[in-house]
Amino acid sequence: MEIEEHTDSLSIEEPITRLPPDIIEGILLRLPVNSLMRLRQVCKQWWNMVSVPRFIKEHAYHAPKHLLLYLPKLNISASLHPKTAKPCLATIINEKWSPLTWASSHMDPDDHLFASCNGLLCFYKTYTLKISNPATGQCLHLLKPDGILLYDFHYLYSFGFHPITGEYKLVHFLREPQRYKSGQPFHFDTIQVYTLGEDKWRAIRAPIPCCMVHLGVVNVDGVMYWLTEDKGTSCGMAVVSFDLREEMFALIHLPALEVKETASCATIKVAYYMTEIDDKVCVVTMPYQSHAPRWRRNNAELSGRTDIWALESDKWFLKYSIQSPSLSRYVPQPCFIHREKIILQDSESNVWYHDLRGKNVQIEHADGAKLLHLGDNRFYETQSYFYKETLAPLSIYARAAIVRAPPEPLARSVALH
């Protein structure tokens, strides 16, 4: 009997131990993070294999990209009684366009998401900023720049990564106090930069006054982009870029952005937004009839004709022209198109998606597929970012921050019904 048990043990374990390391690595690269967190406990070889920066980078490259829908809580107790308030709502839209609910152990009731980059989520809090890796359970708590408390908002921050330097950088858009009082609250000529692992924020002067960061800030290939006013152009807008490696600014002029009169919008006014599609920075134009100034707008209503211009090789091209004559739905900010589908939300908090086939698209109510109902949430506050799991450890950046790791990493998502 003992001989038989010994033989059975060998028949199970020997093939695994004899697999070449490159085969084992290839298998591990295709597993989700929560599986790797368990499997690295099997032996020292596997622990070392999944812990090296090369493996972490390669695993992130293979990880599927999802859309992350995030809704801040409306309950006032979130700020008054954070210990008893419920956490915020987060939903993943996976590569098959199925909604998955997220375990929210990494989110606190007073968190407000402002960026997602390489699997790291950045949350604005009342007194600090929090960078979280939901897949591993680690998070960093960072101090804001000195003196930044009054009139401070989540959309005044962004977060990016440069693929060559491997550095993550937080950016704070330092508003001019006098502009806020004059009714133009988003003007700034200085940004403050914090590199993860360093111990202080640095001020960098912009060559021109900037604004409009609340209309979307996107990070593509190590460069941060946002909109600003430019009276020297026909549309009155331009794009500002900030290279995270060189820490240099540039002004990118827009093409002649034409918005035609439609039945739903006879008096032509234009709303502009920044977004990212297929790893390209894009500018969205859509008509509106509101008399509110640009800085007061929330998530845009898809009405009439929406044009989306993409930047490639320093040239703009029209990627999509979307006609929605009878649709009254809203696009979450800043990312709302993925895998040739557009995600929309109606005023009853239902989330839909529509296929985008070709450059010229017309969508109607009957064309959409309902994804889920978000409950009692303001449709104009929904945020949407790209997200992919990562093993990236945050503990290496703990020089000037507090690292906290819950006992368990983020639980696996489960399908919503």
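Colleague: In which sense do β8 and strand β9 (residues 168-175) pair, and over how many bridges?

Modeller: Strands of a sheet pair through backbone hydrogen bonds, either parallel or antiparallel. Here β8 and β9 pair in the antiparallel sense over 5 bridges, where two strands pair if DSSP finds at least two bridges between them. Within this pair, F159 has L170 of β9 as its bridge partner. Please note that this is a predicted model, in which local features need pLDDT of at least 70, side-chain atom pairs count only at pLDDT 80 or more, and totals for chains, interfaces and linings use all residues. Residues are numbered from 1 along each chain as its sequence is written, and side-chain values use heavy atoms, with hydrogens and water left out.

Colleague: What is the order of the strands in the open sheet that contains β8?

Modeller: The order is β8-β9-β10-β11, with antiparallel pairing. Strands, like helices, are DSSP runs numbered from the N terminus (strands: E, at least two residues; helices: H or I, at least four). β8 (157-161) and β11 (202-210) stand at the edges with a single partner strand each, so one side of each lacks a neighbour in the sheet. Neighbouring strands are turned by 30 degrees against each other on average, direction ignored.

Colleague: Which residues of helix α5 (residues 53-62) are buried?

Modeller: Buried means under 20% relative accessible area, exposed over 50%, and partly exposed in between, with a 1.4 Å probe and protein chains only. In α5, F55, I56, H59 and A60 are buried. They cover an arc of only 130 degrees around the axis, which puts them on the same side of α5; the arc is that of the directions from the helix axis to the C-beta atoms. P53, R54, K57 and Y61, on the other side of α5, are exposed. The cover over the buried residues includes α2 (21-29), α3 (33-39) and α4 (44-51).

Colleague: At what angle do α2 and α4 pack, and how far apart are their axes?

Modeller: Two packed helices are described by the angle between their axes and the distance between the axes. For α2 and α4, the angle is about 60 degrees and the axes are 11 Å apart. Axes are lines fitted to C-alpha atoms, for helices over the stretch in contact, and angles run from 0 to 180 degrees between N-to-C directions. The two helices are therefore oblique to each other: angles under 35 degrees count as roughly parallel, over 145 as roughly antiparallel, 65 to 115 as roughly perpendicular and the rest as oblique.

Colleague: Which residues of α2 and α4 meet?

Modeller: P21, I24, E25 and L28 in α2 meet Q45, W46, M49 and V50 in α4, where contact means heavy atoms within 4.5 Å.
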